[in-house]
Amino acid sequence: MTISDPESPAPRTGLTPRQARRLRIAVASVVLVTMAVVLVLRLASRTSVLVVGVYGLAMILCGVVIELSRNGRTRLGTWLLGTGLLAALAADWLLLP
């Protein structure tokens, strides 16, 4: 039976900070491209300033999240991305005819 030293650090589980930043940058980039595709499809079916506004703001939000992640603010970026995308989906459902 071995006794571990109480001062030794516990083994790390999960992602390293660098991996977390890269993962969030990748996720925000994929969402950015997806929003661009959805914007083109929505504009093909109906031309509206609201469509451009909602999806344009969602794309800007993705860019902000990428920049936050590059600067080490991954938790803030994750919350912002999640709430921003929910707001964009809600605006699409509620505002756009």
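Helices are DSSP runs of H or I with at least four residues, strands are runs of E with at least two, and both are numbered from the N terminus. On that basis the protein, which is a predicted model, has three helices and zero strands, and its order along the sequence reads α-α-α. Of its 97 residues, 25% count as buried, while the exposed surface comes to about 7200 Å², with 68% of it supplied by carbon and sulfur atoms. Among contacts with a separation of 6 or more, 59% join residues 24 or more positions apart.

| Feature | Value |
|---|---|
| Angle between α2 and α3 | about 175° |
| Distance between the axes of α2 and α3 | 9 Å |
| Reach of α2, first C-alpha to last | 31 Å |

Helix α2 (residues 49-70) and helix α3 (residues 74-95) pack at an angle of about 175°, and because angles over 145 degrees count as roughly antiparallel, α2 is roughly antiparallel to α3. The contact of α2 with α3 comprises 16 nonpolar, four polar and one charged residues; the residues of α2 that take part include Leu50, Val54, Tyr55 and Leu61, and those of α3 include Leu76, Leu80, Gly84 and Asp92.

The buried residues of α2, among them Val51, Tyr55, Gly56, Cys62 and Ile66, pack against both α1 (17-45) and α3. After α2 comes Gly72, whose phi is positive, near 85°.

Note on methods. Residues are numbered from 1 along each chain as its sequence is written. This is a predicted model: local features need pLDDT of at least 70, side-chain atom pairs count only at pLDDT 80 or more; totals for chains, interfaces and linings use all residues. Side-chain values use heavy atoms; hydrogens and water are left out. Axes are lines fitted to C-alpha atoms, for helices over the stretch in contact, and angles run from 0 to 180 degrees between N-to-C directions. Angles under 35 degrees count as roughly parallel, over 145 as roughly antiparallel, 65 to 115 as roughly perpendicular and the rest as oblique. Contact means heavy atoms within 4.5 Å. Ala, Val, Leu, Ile, Met, Phe, Trp, Tyr, Cys and Pro count as nonpolar, Asp, Glu, Lys and Arg as charged, and the others, Gly among them, as polar. The expected span of a helix is 1.5 Å times one less than its number of residues. Buried means under 20% relative accessible area, exposed over 50%, partly exposed in between (1.4 Å probe, protein chains only). Accessible areas come from the Shrake-Rupley method with a 1.4 Å probe; for residues, only the protein chains shown count as cover.
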